[in-house]
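This report takes up the side-chain contacts and the strand arrangement of one protein model. The text moves from charged pairs to the sheet, and then to aromatic and nonpolar contacts.

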Amino acid sequence: MRRLLCPVCTAVLLSATPAMSAAPDAGTPASRPATAASTGAGAPASNDPPIASERLAEARALVPPLLLYGQLQPVVGTWVEYTVQSTPKDTYPVRAAVVGETPRERDTLYQVELDYQTTPLALIIVWVARAGTARAVVERLAISVPPNTPISVPVDLLADHAALQGQLVRQRDTDVRAGSFAGKGRELTFRRESGPQVTVVTAAQVPVFGVESLRDGEVTWTARKSGTGARPALDVVPLTLPRLPAP
């Protein structure tokens, strides 16, 4: 668990220095209707706002992998539970849920929570903006590890940013053969600038993100069950860190 949360904690401790080489609105969506994972159409468009190479790891830590490689299905109250395994003996559940929405003049802001049932307990909250079928933008991220005060940082990144996903090197239709989400799926493999490849199986029958499984190096996420009736777990106002100017 410590391995998964460290990137996010590091990003928080960096006091939300902008991950983008352009700023502050470098995460504003380009005109691409959906992610490569959702369409199978190939790697995302290369005209996404640039991210400096030295900031890629920091920026990637601010977008949950299920959101980065899936596509938000914003039905408030839906949840899906994943089993996360990083070693044969280190396995724990994470429940992802859409727990709120706020209509705005130009878009809708959704509150999405990932509840890590670990020791200590941890809750990651992302606020995701989307206008109709336009690409989603992660506006803010918060992390709560009781009894500490939750901390919220600005993000303003495309949820499916091409540089964060990496290069799509393989894709094929597949079958999810067992479990609650048996049916058709799409397997995609991405190569990032360094480290292991990421393989994701997307499936329309999986709520919240449309991700049946995701493997990133030694860490594997597998969807196990889903339901409705999810409510916000965040019950205090996070300490909001301001955006710092780019160095």
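With which residue does Arg55 form a salt bridge, and how far apart are the closest N and O atoms? In this predicted model, the partner of Arg55 is Glu58, and the closest N and O atoms of the pair are 3.8 Å apart. Arg55 counts as buried because its relative accessible area is 16%, and Glu58 is likewise classed as buried, since the corresponding value is 13%.

**Salt bridges**

A search of the whole structure returns 13 salt bridges, and three of these pairs are set out here.

| Salt bridge | N to O distance |
|---|---|
| Arg55 and Glu58 | 3.8 Å |
| Glu139 and Arg104 | 2.6 Å |
| Glu187 and Arg172 | 3.1 Å |

For Glu187 and Arg172 the N to O distance is 3.1 Å, and since Glu187 lies in strand β8 (residues 183–191) and Arg172 in strand β7, the pair ties together parts that are 15 residues apart in sequence. Here Glu187 is buried, with a relative accessible area of 13%, whereas Arg172 is partly exposed, with a value of 34%. Beyond these pairs, a network of salt bridges links Asp48, Arg135 and Asp160.

**The sheet**

The strands include an open sheet of 12 members in the order β7-β8-β9-β10-β11-β1-β2-β3-β4-β5-β6-β12, and the pairing within this sheet is mixed. Its edge strands are β7 (167–176) and β12 (239–240), each of which pairs on one side only. Strands β1 and β11 pair in the antiparallel sense over 7 bridges, and Trp79 has Gly227 in β11 as its bridge partner. The ring of Trp79 also has a charged neighbour, for Arg95 lies over its face at 3.6 Å from the ring centre.

**Aromatic pairs and nonpolar cores**

Across the whole structure, 3 aromatic pairs are found. The ring centres of Tyr82 and Trp221 are 6.0 Å apart and their planes stand at 75 degrees, so this pair is edge-to-face. The pair links distant parts of the chain, given that Tyr82 is in strand β1 (residues 79–87) and Trp221 in strand β11 (residues 219–227), 139 residues apart. Tyr82 and Trp221 are both buried.

Trp221 forms a further edge-to-face pair with Tyr116, at 6.3 Å centre to centre and with 80 degrees between the planes. Because Tyr116 lies in strand β3 (residues 108–116) and Trp221 in strand β11, that pair ties together parts that are 105 residues apart in sequence. Tyr116, like Trp221, is buried, and Tyr82, Tyr116 and Trp221 form one aromatic cluster.

The largest nonpolar core holds 50 residues, of which Phe209 and Trp221 touch the most other members. Leaving aside residues up to four places away in sequence, Phe209 touches Leu66, Leu67, Gly70, Gln71, Leu72, Gln73, Ala96 and Val112. Another core, of 7 residues, lies apart from the largest one, and its members include Leu123, Ile125, Trp127 and Ala129. In soluble globular proteins, nonpolar side chains tend to be buried together.

Definitions and conventions
Residues numbered from 1 in each chain as written. Predicted model: local features only at pLDDT ≥ 70, side-chain atom pairs only at ≥ 80, totals over all residues. Heavy atoms only, no water. Core = buried A, V, L, I, M, F, W, Y, C linked by side-chain atoms within 4.5 Å. Buried < 20%, exposed > 50% of the residue type's maximum accessible area, 1.4 Å probe, protein only. Contact = heavy atoms within 4.5 Å. Phe/Tyr/Trp six-rings, centres within 6.5 Å; stacked < 30°, edge-to-face > 60°. Helix = DSSP H or I, 4+ residues; strand = E, 2+ residues; numbered from the N terminus. Lys NZ or Arg CZ within 6 Å of the ring centre and 35° of its normal. Pairing = 2+ DSSP bridges. Salt bridge = Lys/Arg side-chain N within 4 Å of Asp/Glu carboxyl O.
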